[in-house]
Amino acid sequence: MAKQAEKKNLESPAELEQYYRDMLFIRHFEEKCNVAYRQGKAGGYMHVYIGMEALAVGWMHSIKKAHDYVITAYRDHAHALLLGTDPVAVMAEIMGRKAGTAGGKGGSMHIYDPKNGFYGGWGIVGGHIPLGAGLAFASRYRGDDKVTLNFMGDGAANQGVVYETLNMAALYELPCIFIIENNEFAMGTRLEYHAADTELWKRGTPFGIKSERIDGMDVLQMKKDAQRIIDWVRKEGKPYLVEIMTYRYAGHGAADNDRQLYRTKEEEAENLKRDPVEKLKHILIERNIANEEKLEAIEAEILERVEKIYEEADASPHPDVDEVYDNIYTDMTPEKGH
Amino acid sequence: MASTLEMTYREALHKSMVEEMDKNADVFLMGEDIGRYEGTFKVTRGLFPKYGHRRVIDTPITEAGFAGIATGAAMAGLRPIVEFMTMSFSILALDQIINHTAKVHYMTNGEVKCPIVFRGPGGAAKQLSAQHSHSMEGWYAHVPGLKVVAPSTPADVYGMLKTAVDDDNPVILYENPGLYAMKGIVPDDPEFKIPFGKAQILREGKDLSLIGYSRMTHVNLAAAEILEKDGISCEVVDVRSLLPLDTETIYASVRKTNRAMVVYEDWRSGGFGAEIAARISEDCFDYLDAPVGRVGGLNVPMPYSRILELECIPDENDVVKAVRKLG
Ligand SMILES: Cc1ncc(C[n+]2csc(CCOP(=O)(O)OP(=O)(O)O)c2C)c(N)n1
Ligand SMILES: [Mg+2]
């Protein structure tokens, strides 16, 4: 009996392979973004998700896609890709091309795909948190069953507007999940130096919001927890707060060449042992779902796919200069000229 | 005469802060990632090890909170220098700065002073797009109770930061990311100061006055070079201080050249250059041979694409074109 129950709880091989493919795809997509940046094809501020893949994969596999709402900050490529945004459009946006999700006007930090439920892509730390609650407010108002995933960083969790929002989310009973991606750093500032109490999960509790801290480096656990929380919020129609423990392997952004100012090589090496991609790889082998050979074939396939995405994006045209006035209003253009 | 040193704008700013901190134990620094991380634009490099966390304070990402805390500390007599990682983020602190900091002296009927400096880079850097590229100086220069300066050279930022720290009023010191690496000659003199409310003529000319501040001063200098070849002699007025504004120097230049072109990076519509242009129109009307011209940033949120971004930011060619059109 017990054995059967355990078996029922086990993910199907197809499911596991999909998680693996998704995580590896994000990793290689992000690596390619770094290449684009180094080649000068991408610019500005660009923040990759390397090390944090299990987190977004777990959550995006637990929502109703193109139905639920998702919103995040500037570290946003993974969220979009997992929601089904055309990866060429994401890469093209990162390269500032016309075929990008924002026509080349947003760049890496500002990917949007509302058709797939993705509402950005925001650059002001903490600024989008009330917007996310507003999406959930619309669900409450209409009485639909949508859930909003409202992602933020550990650094963002300090902004005042986050607390205004938590209070209102509880007060109005908004179906909103506040997800703190705690990667231990806000740019060059370590968690201990920016948070008086580093247990960020507690920050929902003063408002009576159900809150907890969970691990974000094990995709299977992440998926289970995400599903449980999403189901609860959908059923109860109330907010939830989760702090998810993760780590970013890359610098804060592509322009961060000073990692040694805030962490040691030893610490980085230590954290690489928690690599979520490696972890899943072991599970796949352990459960006899794939052998090394198959895993290599999958990786080769993904690398080729990413290469194609890159090439296609890179072959696409830059915006035309007169597009600079487009989409500022729905019904007028601003006064033109210098 | 004191000796001089060649250094970048960034180094001049740094040197100035160090000297002010050494002079006065009440001067301290506060801001995001300014300590251990040495600042995103590395202006505060080395200051954390030198002064420790008591005087170089890393804050959480809470602009409203630390702007307000620094204001309170200034009300109690300390002299904070607050760095905004970029001036775009100071938008989160506008309530503190406008509703509180700027009003302290007035609302206490002169009882309490608020000697505080807010500084940081404003305007477009490179492809930082719509939320990170704001020009904020005009917003601040709109507010009675604040002083606003926007130095364009290493020497000026060196001297103006000192004046700002010494001032008993809140001062916004406006930098531009494009200036940090610029080199110039700086007096090696801890007592060197540039008074507020004094514009400077960086190039003499007789046909037209090109008026600007911060990085646009350099755009104006480049435009003057080009126009010279066309036989148009431009005088370049570097405003430096927006509030107080040295109308005397600006007007003297316009009365001499009889033509004025005001250049600013901010959105053209309602930017601070519009204020300068209005004053010239009012007070120099009889001397003008043409309407006062303006060159500003396009009235659009800053796009990411470098091609579009460059379209938005005024450059010397835009200035040259506008001057030629003025006739
Ligand atoms: C209001 C505001 N202040 C400062 C910044 C500059 N900045 C961008 S990201 C960042 C760190 C944010 O850290 P965290 O919230 O932990 O997210 P992470 O980058 O780790 O994903 C800072 C200070 C900003 N974008 N917005
Ligand atoms: Mg973080």
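Chain A and chain B bury about 3500 Å² between them, and carbon and sulfur atoms carry 62% of it. Buried area is the accessible area (1.4 Å probe) that two parts lose on being put together, summed over both. The model is predicted: local features need pLDDT of at least 70, side-chain atom pairs count only at pLDDT 80 or more, and totals for chains, interfaces and linings use all residues. Residues are numbered from 1 along each chain as its sequence is written, chains are lettered from A and ligands numbered from 1 in the order in which they are written, and side-chain values use heavy atoms, with hydrogens and water left out.

**Stop 1: between the chains**

Colour chains A and B separately. Here 42 residues of chain A are in contact with 40 residues of chain B, where contact means heavy atoms within 4.5 Å. Now select A:Tyr45, A:Ile124 and A:His338: in chain A these lose the most area to chain B, together 22% of what that side buries.

Next, select A:Asp258 and B:Lys42. Their side chains meet in a salt bridge, 3.2 Å from N to O. The term salt bridge is used for a side-chain nitrogen of Lys or Arg within 4 Å of a carboxyl oxygen of Asp or Glu. Across the interface of chain A and chain B there is one salt bridge. The count of residue pairs in polar contact between chain A and chain B is 18, with both residues at pLDDT 80 or more. A polar contact is a pair of N or O atoms within 3.5 Å; within protein, one must be able to donate a hydrogen and the other to accept it, and residues adjacent in sequence count only if both atoms are side-chain atoms.

On the side of chain A that touches chain B, the elements giving two or more residues are helix 5 (87–94) and helix 8 (191–194) of chain A. Helices (H or I, at least four residues) and strands (E, at least two) are DSSP runs, numbered from the N terminus. By class, that side of chain A has 19 nonpolar, 17 polar and six charged residues. In this grouping Ala, Val, Leu, Ile, Met, Phe, Trp, Tyr, Cys and Pro are nonpolar, Asp, Glu, Lys and Arg are charged, and the others, Gly among them, are polar.

**Stop 2: ligand 1**

Stay with the two chains and show ligand 1, which lies between chains A and B. Of the 22 residues around ligand 1, A:Tyr74, A:Arg75, A:Gly123, A:Gly155 and B:Glu63 come nearest; a residue counts as near if one of its heavy atoms lies within 4 Å.

Zoom in on the backbone of chain A. A nitrogen atom of ligand 1 is 2.7 Å from a polar backbone atom of A:Gly123. An oxygen atom of ligand 1 is 2.8 Å from a polar backbone atom of A:Gly155, and an oxygen atom of ligand 1 is also 2.8 Å from a polar backbone atom of A:Ala156.

**Stop 3: backbone details in chain A**

Select A:Gly120 and A:Gly121. The peptide bond from A:Gly120 to A:Gly121 is cis, with omega near 0 degrees. A:Gly121 belongs to strand 2 (residues 118–121) of chain A.

Then go to A:Asn288, in the loop between helix 11 (276–286) and helix 12 (292–315) of chain A. A:Asn288 has a positive phi of about 60 degrees, although it is not a glycine.

**Stop 4: two domains of chain B**

Domain 1 of chain B puts 31 residues into the contact and domain 2 of chain B puts in 24 residues. The area buried between these two domains of chain B is about 2200 Å², with 57% given by carbon and sulfur atoms.

Select B:Arg240 and B:Asp156, whose side chains meet in a salt bridge (3.1 Å, N to O). The side chain of B:Gln200 makes a polar contact with the side chain of B:Asp156 at 2.6 Å.

**Stop 5**

Select B:Leu243 and B:Pro244, which are joined by a cis peptide bond with omega of about 5 degrees. B:Pro244 sits in the loop between strand 12 (241–243) and helix 9 (247–257) of chain B.

Finish at B:Glu83 and B:Arg119, where the side chains meet in a salt bridge (2.8 Å, N to O). B:Glu83 lies in strand 4 (residues 79–83) and B:Arg119 in strand 5 (residues 117–121) of chain B, so the pair ties together parts that are 36 residues apart in sequence.
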